[in-house]
Structures are given as C-alpha cells and as structure tokens.
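Let's take a friendly walk through a protein structure, one piece at a time. Have the picture open beside you and look for each part as it is named.

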Amino acid sequence: MYKYDQIDQKIVNERVDQYQSQLNRYLNKELSDEEFRPLRLQNGLYIQRHAPMLRVAIPYGLLSSNQLYKLADIADKYDRGYGHFSTRQNIQFNWPKLEETPNILRELAEVEMHAIQTSGNCIRNITTDQFAGVTDDEIIDPRHIAEIIRQWSTFHPEFALLPRKFKIAITGSTKDRALVQCHDIGLEFFTNTNNKMTIKVWVGGGLGRTPIIGSVIKNELEWEHILTYCEAILRVYNLYGRRDNMYKARIKILVKSLGIEAFKKLVEDEWKYIKNGPNTINTEELSRIKKYFSEPDYKKDIKNNLKDYRSNKAFNQWLSRSTNTHKKKGYRAVTFSLKETGCAPGDASSTQMRAVSNLSDQYSFGEIRVSHEQNLILADVQEDKLYELWVKAKEYHLVTPNIGLLTDIICCPGGDFCSLANAKSIPIAQSIQDLFNDMDYLHDIGDLNLNISGCMNACGHHHVGHIGILGVDKDGSEWYQVTLGGNQGNFASIGKVIGPSFSAEQMPLIIKKIIEVYLNNRQEEEIFIDCVSRIGLEPFKNYIYTDSEVGK
Amino acid sequence: MTSQLIKGKNIVKNDWVTSELAKVEEIVRMQAGKVVAFKLSGEDYPSSEQVKKTIFPDTGKILLPLKVFILHQEKLKERLVNGEIGIWFSTHEEIHKFTETIGDLNNFPLIAIHVEKFADGRIFSIGSQLRNKHNFKNELRAFGDVLRDQIFFLKRSGFNSYLIRKDRDAKDAIKGLDDFSDPYQGACDILEPAWKRSKR
C-alpha cells in the first residue's frame with residue numbers, strides 16, 4: 001500500500017499544528033462557534049449528542065496492520081474501547097474529549113493517518129472497491145488513481161469551501177462495488193480499443209434527501225486528464241451550486257436543473273483552459289504510485305485442503321458467504337462480519353481490531369480493507385489456511401456467515417449518537433437480526449441487502465438497499481418508511497416506498513412479511529431483488545397492509 | 001492606526017479608498033425560517049437604481065464597484081490611464097459577462113473581490129479564473145469576511161493582498177499564509193504539483 005514520503009508526512013504534521021491552533025483560538029474565544037464549525041468539520045469533528053465524534057480517514061478503505069493496531073489503542077486511550085466503521089470506509093470514534101482531539105491526530109500522524117476532509121463542504125475520502133487489486137473481474141486497479149486523486153484533493157485551495165460535501169468513487173472492475181453511479185463524481189475505468197486506460201465519468205449521482213442516479217458526462221476520458229477534468233467539474237459546481245439552500249446544494253441538483261448537456265458545456269468550457277496544464281498526470285508519477293501497490297509475494301501450488309472439512313457445516317457456510325474468489329489460484333479474500341447479532345453494525349471493539357491486525361500479519365501480508373458494507377477484509381488468504389483462520393477468528397466473533405445476507409445490515413449510527421437523525425437505527429437493525437437468527441433460514445433466503453438510515457441524509461444508503469428502511473419523525477415520534485427494489489452496482493436503482501410508515505415494534509414483523517411474500521413467489525434460484533423486479537410492489541403491499549392496524 | 005491590509009507577507013497601509021454601494025432598502029429573504037445568507041451566482045445585484053445612486057470621490061485612488069465603473073466608464077478614462085481606478089465585485093457577480101465592455105482587465109492596478117461570508121468558497125474559483133482564464137497580472141485582493149484560516153487558500157487561488165476583517169488582528173492572520181509549506185497540487189501560486197517540483 002501507499003507509504004508516506006517526506007512531503008506527505010509534512011502535510012499531515014502541519015495539519016495537526018494548524019488544527020491545534022484553530023482549537024486553541026476557539027477555546028480562547030478568538031473564533032466564534034460559527035467560525036470554528038467549518039474548520040472542525042473539515043477535520044472530521046462533529047459535536048454530537050453525547051460528546052464530539054471524530055471521523056478518521058481510511059483512504060479507499062486500505063489499512064496496514066500497524067494502523068489498525070493504532071486505531072485500537074486510540075479506542076482504548078481516548079474512547080470507550082471501540083470504533084465504528086462507516087459506509088465511507090472511514091472509522092468514527094464516538095466519545096473523545098474535545099481538548100484531546102489534537103493528541104489523537106498526533107498519534108494518527110505517527111502511523112500515516114489523519115482526519116483531513118472527512119467532513120465539511122469539501123472533497124471527502126475517495127472510495128473504491130474493497131476487492132481492488134485481488135478480484136478476478138478487475139480490468140484496472142483503481143487504487144493507483146485513487147491515491148493520485150487523494151493527494152490532489154487534499155487541501156485543494158480552490159475547493160476548500162464548496163456549496164456542500166463532495167464525494168468521489170472509483171471502480172476498475174466489470175462488477176461495480178463502489179457505487180459510482182451514486183456519487184458526486186463516479187469514475188469507471190476500462191481499457192479502450194487502443195488498449196489505453198480510459199475513464200467513463202459519471203456526475204451528479206447521490207443519495208440523501210433527493211436520491212438521483214448519476215449521468216455520464218464523458219464516455220471516454222484518457223487517464224492523464226483526470227485531475228484537470230475533475231477540476232473543471234468542481235469549478236463549475238463551486239461557482240454555480242446553490243449556496244442559498246442547504247438541501248439543494250449538492251451537485252446533483254445543479255446537474256438536474258441545468259440538464260446534463262448544458263452542465264457538460266460549462267465544464268468543457270472551463271476544461272479548455274486547464275487541459276494539458278500542470279496537473280496533467282504523467283507516466284512517471286503513475287508508475288511511482290503503482291509501485292506501492294505491486295503484488296505481494298504470492299505462493300504457488302497451494303494445496304487445496306478444503307475437502308477435509310466438508311462435514312463442518314458452520315465452516316462451509318462461512319466459506320460460501322464470507323470468502324470471495326481471487327485472481328490468484330489458491331487464494332481467497334475473506335470478509336470478517338461486523339454484523340453479529342446483538343452488535344451495532346460496523347462497530348468493532350479494540351480487542352477485535354487487534355485480533356484482525358494480528359491475523360492480517362499472519363495470513364494476509366499485513367493489510368486490511370474496510371468495505372462500504374462496514375465489514376473488514378483480509379484480501380490475500382491462502383486456501384489451505386482458511387480453516388485455521390476461521391478457528392482463530394471465531395474466538396473474536398468475526399465469522400458470522402452472513403455476508404450479503406439479510407442480517408449483513410448497512411446501518412448508520414442513528415438517533416443513539418447522531419444529532420441529525422430523526423430516529424434510531426441500531427435498535428431496528430438489532431431487532432431484525434434477533435428475529436432472523438437461524439443461519440439455515442438466512443442462507444435459504446439468500447442474497448439480500450437491507451440498509452437502514454436514521455434520517456434522509458442517507459448515511460445508511462437506504463435508497464439502494466434491496467430493502468431500505470428510513471427513520472422519519474412524525475409528530476415527535478419515530479417511524480420507519482420501507483422501500484423495496486433499490487440496488488447498487490452496475491444496475492443501480494433507487495427503491496420505491498411501499499406505503500405508510502411503521503413503528504419500531506412493527507419493523508421485524510414487516511420484514512418477516514416481506515420475506516414471506518418473496519419465498520412464496522420466487523422462482524428457482526431467483527434472488528430477492530430479481531423477484532421484486534419481476535412481480536413488482538403490489539403483492540408486498542397487499543400482504544403487508546391487509547391488517548388495517550399496520551402503518552401510519 | 002494599524003492597518004488591516006496584508007500585501008504579500010507584510011502589513012501595509014491601504015492607499016485605496018473603497019467606494020461602497022449606495023444603501024437601499026433590501027428585502028430580507030427567508031427560507032425555512034432562516035435568512036438566506038448567499039446570493040446566487042448571476043443574481044441581479046446591485047440593482048441599477050443602487051448603481052446610479054452610488055457616489056465616489058473625484059480624485060485619488062478609488063476602488064469602484066464593477067457596475068458603477070461600467071456606468072461611468074467614459075468619464076473615467078483618464079483616471080484609469082493614470083492608474084487611479086480599481087474595481088471590486090462580489091462573489092455572486094460574473095466577471096466574464098462584462099469583460100467585453102470593460103476591456104483588458106490589466107488596465108486595473110487592483111481588482112478586489114468581496115466575500116460576504118467566510119464559508120463562501122466561490123472567491124477561490126473567481127481568483128483562479130482571473131489568473132488563468134483572464135490572465136490578470138496585477139494586485140488581486142480579498143476583502144469582507146476575510147480571516148486567518150482562509151488566506152492560505154486565497155494565496156494559492158491567485159490572491160496577493162488580503163484586507164482582514166476589522167475586529168481581527170492582521171498580524172495574527174499573517175501566520176495563516178504559512179499553514180502548509182509544500183502543497184500537493186499545482187495552483188495559482190505554485191504551478192506545478194509536488195511530483196513535478198521535486199523527485200519523490
């Protein structure tokens with residue numbers, strides 16, 4: 001993975017000093033709340049219900065064992081012994097003290113980490129495929145360009161105070177796992193007919209209160225122009241994005257109101273002036289970055305011993321759900337579930353973090369990935385070590401075989417922690433996990449994404465969940481709206497609301513009813529989302545709302 | 001009195017008089033119970049009535065509102081040649097719509113951009129466009145809600161003078177110019193990105 005040189009390290013160190021000075025001036029009343037707000041946000045610091053929340057960047061979800069170990073130490077020293085992995089592949093600490101935040105940043109800087117631009121109206125953490133570099137459907141490893149964009153976007157002077165937050169996602173595989181169509185800018189890499197690395201550029205996608213699937217602004221952009229082209233898009237957005245209304249400030253609203261053609265024209269007009277300018281990437285820089293992501297020392301001729309464990313049902317369930325095929329024969333990518341029943345989705349204790357860190361050293365070249373589904377991944381595990389790894393990871397409650405299943409719930413921190421939330425989300429996730437705790441039944445239901453957000457800001461990606469749950473406030477009480485038919489990936493779609501909302505108590509039963517309709521209607525091998533697409537919403541509505549007491 | 005003006009890296013006396021727009025009664029716009037804090041880019045403000053009512057001194061270096069300059073352009077010709085006329089405009093005003101009317105921007109020794117609120121980052125793109133698209137070479141100044149924590153970004157976006165908000169210490173603000181010593185990306189001050197400037 002990428003390693004800091006002097007320049008990187010200096011920027012991060014100088015940032016800690018700058019932030020320390022900003023905090024001191026705030027504490028000395030030299031900065032007002034309003035003035036300090038954008039400054040602290042650009043450093044991932046929120047003022048939440050109980051304490052400040054600090055969001056630490058994990059660029060494109062990649063961590064070294066050393067870094068994860070440090071995060072565990074920080075959780076113990078400054079927090080309550082756990083952290084929350086977010087859908088932006090970052091980690092959040094819920095209980096730090098304001099005065100101690102500079103010390104946390106100083107400790108992070110020691111392991112080449114920071115909290116730069118993890119919040120605020122600026123370019124946020126670049127996200128990508130959690131299986132980048134190891135997946136067998138990959139065309140181009142997106143991490144090289146992700147790192148180049150990370151550096152370019154860090155303290156970009158022109159885009160420090162945008163109308164609203166700005167998120168960029170990158171994919172280089174045939175199957176999109178990075179949600180590029182649901183980002184402010186989505187970059188889809190492919191090889192053009194001349195065998196050159198090329199990018200399809202999506203713009204104006206996003207979830208939040210107005211979910212919109214992005215539009216293609218450029219079908220073929222040659223890779224060296226990616227920074228200048230992004231610069232042109234961002235300049236148009238910075239100048240013309242709505243600043244008068246926070247809810248209409250995202251780029252998707254601008255693209256929608258102008259229309260993609262008119263927007264594109266403005267972008268191309270700006271691009272003229274900077275195309276081939278100093279920020280044009282050259283092959284030297286690309287190969288310098290590439291070197292950091294070169295293949296680890298893979299072993300050849302690994303003996304596949306998985307047959308020896310054929311009778312172990314629990315292990316085989318895990319094998320089928322929690323391991324992914326790998327481009328190298330004899331290897332697999334392993335996903336540790338942070339969705340065990342009874343735990344808040346995405347939360348990991350410091351003990352678990354240290355365990356994963358150690359396991360990555362033993363089994364996966366000392367690297368860990370964080371997925372936007374809020375799980376942790378060891379990307380390079382030998383097949384003949386899988387059983388051993390499973391046994392060890394089991395001790396730490398990391399092997400719930402529910403990856404991609406109903407209980408692998410994507411969930412925001414919700415009303416328990418977040419001051420924006422309209423409703424709690426973690427208890428809903430837990431009540432659903434409690435109801436569906438029979439692993440055989442879950443495996444029979446098969447692939448199903450259930451996503452929960454506690455408010456329309458949609459941090460839990462509810463719009464693109466096959467089943468989406470949105471917490472809403474009605475007359476001061478918490479209700480939940482259900483959508484069906486959302487999807488992520490190459491065929492991204494926004495779920496449709498099935499009808500009036502439900503109470504928290506009703507939610508597990510409603511999910512149960514939805515599953516019953518699916519099981520009664522599915523054709524052989526048909527997964528949930530395909531069934532919903534085929535039969536539509538009516539059968540679900542009819543079954544759920546027959547009881548007139550249900551829904552508000 | 002100490003000056004609030006930073007030019008380059010020094011505090012200097014401000015020898016320009018800023019002509020402020022004539023006060024007219026403004027309708028306070030509200031949205032969801034809150035005052036709308038930002039004018040939209042391209043919004044028709046100041047009004048032509050306001051522009052007409054605006055007065056300015058007959059001699060000395062003056063910084064005129066863009067539209068006021070346009071209105072009096074003919075009679076200001078000589079003063080412009082003498083280097084006595086600068087223009088200022090706000091972050092919602094679009095300079096490219098007026099460049100044909102006002103001619104070469106480099107006739108102005110000073111262009112100043114007014115930023116009403118700290119959080120309004122349009123000022124950065126305006127600076128960048130003035131330098132790159134319009135090739136403006138002279139003094140580019142930020143004024144209004146200008147504080148220590150913007151000026152590093154302003155410097156990188158092509159500004160070279162900063163009039164710090166009255167209630168803040170300009171000497172303290174100057175430190176902001178050195179927040180980072182070796183930035184990643186190429187911008188208006190340091191053109192080349194880090195990987196082109198030195199061997200990494």
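Predicted model: local features only at pLDDT ≥ 70, side-chain atom pairs only at ≥ 80, totals over all residues.

Which residues of α5(A) and α9(A) meet? From α5(A) come A:H144, A:E147 and A:I148, and they meet A:E285, A:L286, A:I289 and A:K290 in α9(A). Sorted by class, the residues of this contact are three nonpolar, one polar and three charged.

If you wonder about the spacing of such residues, here is a handy rule: an α-helix has 3.6 residues a turn, so residues three or four places apart point the same way.

Now find α6(A) (226-240) and helix α8 (residues 260-274) of chain A. The axes of α6(A) and α8(A) come within 8 Å and cross at roughly 130°. That angle makes α6(A) oblique to α8(A). The crossing of α6(A) and α8(A) is right-handed.

On the α6(A) side, the residues that meet α8(A) are A:T228, A:Y229, A:E231, A:A232, A:I233, A:R235 and A:V236. Their partners in α8(A) are A:L266, A:V267, A:E270, A:W271 and A:I274. This contact divides into eight nonpolar, one polar and three charged residues.

## A helix enclosed in chain B

Is helix α5 of chain B largely enclosed or open? Nine of the 11 residues of this helix (residues 122-132) are buried, so the rest of the structure largely encloses it. The buried ones are B:R122, B:I123, B:F124, B:S125, B:I126, B:G127, B:S128, B:Q129 and B:L130.

What covers these buried residues includes parts of both chains: α6 (226-240) of chain A, along with β8 (110-115), β9 (139-144) and α6 (151-156) of chain B.

## Where the chains touch

Next, look at the contact of chain B with chain A, which takes 36 residues from chain B and 33 residues from chain A. On the chain B side, the elements that give two or more residues are α5, α6 and α8 (194-197). Of these, α5(B) gives the most, with five residues. By class, the chain B side has 16 nonpolar, 10 polar and 10 charged residues.

## The domains of chain A

Chain A is divided into domain 1 (6-110), domain 2 (134-289), domain 3 (306-394) and domain 4 (410-544). How far apart are the C-alpha centres of domain 1 and domain 3 of chain A? They lie 28 Å apart. The contact of these two domains takes 20 residues from domain 1 and 20 residues from domain 3.

On the domain 1 side, β3 (62-64), α3 (65-78) and β4 (82-85) of chain A are the elements that give two or more residues. α3(A) gives the most, with seven residues. That side has 10 nonpolar, nine polar and one charged residues.

Helix α2 (residues 33-41) of chain A has A:P38, A:L39 and A:R40 as its buried residues. These pack against α1 (6-27) and β1 (45-47) of chain A. A:R37 is also in α2(A), but A:R37 is partly exposed, with 18 other C-beta atoms within 10 Å. A residue needs 20 or more to be buried.

A:N28 sits in the loop between α1 and α2 of chain A. A:N28 is exposed, because the count of other C-beta atoms within 10 Å is 8. A:Q362, in helix α11 (residues 350-363) of chain A, is partly exposed, with 14 such atoms.

| Pair | Apart along the chain | C-alpha separation |
|---|---|---|
| A:R37 and A:G120 | 83 residues | 8.7 Å |
| A:N28 and A:A344 | 316 residues | 37 Å |
| A:Q362 and A:K29 | 333 residues | 50 Å |

Note on methods: Residues numbered from 1 in each chain as written. Chains lettered and ligands numbered in written order. Buried ≥ 20, exposed ≤ 12 C-beta atoms within 10 Å, placed from the backbone. Helix = DSSP H or I, 4+ residues; strand = E, 2+ residues; numbered from the N terminus. Contact = placed C-beta atoms within 7 Å. Nonpolar A, V, L, I, M, F, W, Y, C, P; charged D, E, K, R; others polar. Domains from an automatic or database assignment. Axes fitted to C-alpha atoms, helices over the stretch in contact; angles between N-to-C directions. Parallel < 35°, antiparallel > 145°, perpendicular 65-115°, else oblique. Left-handed = near helix turned anticlockwise from the far one by under 90°.
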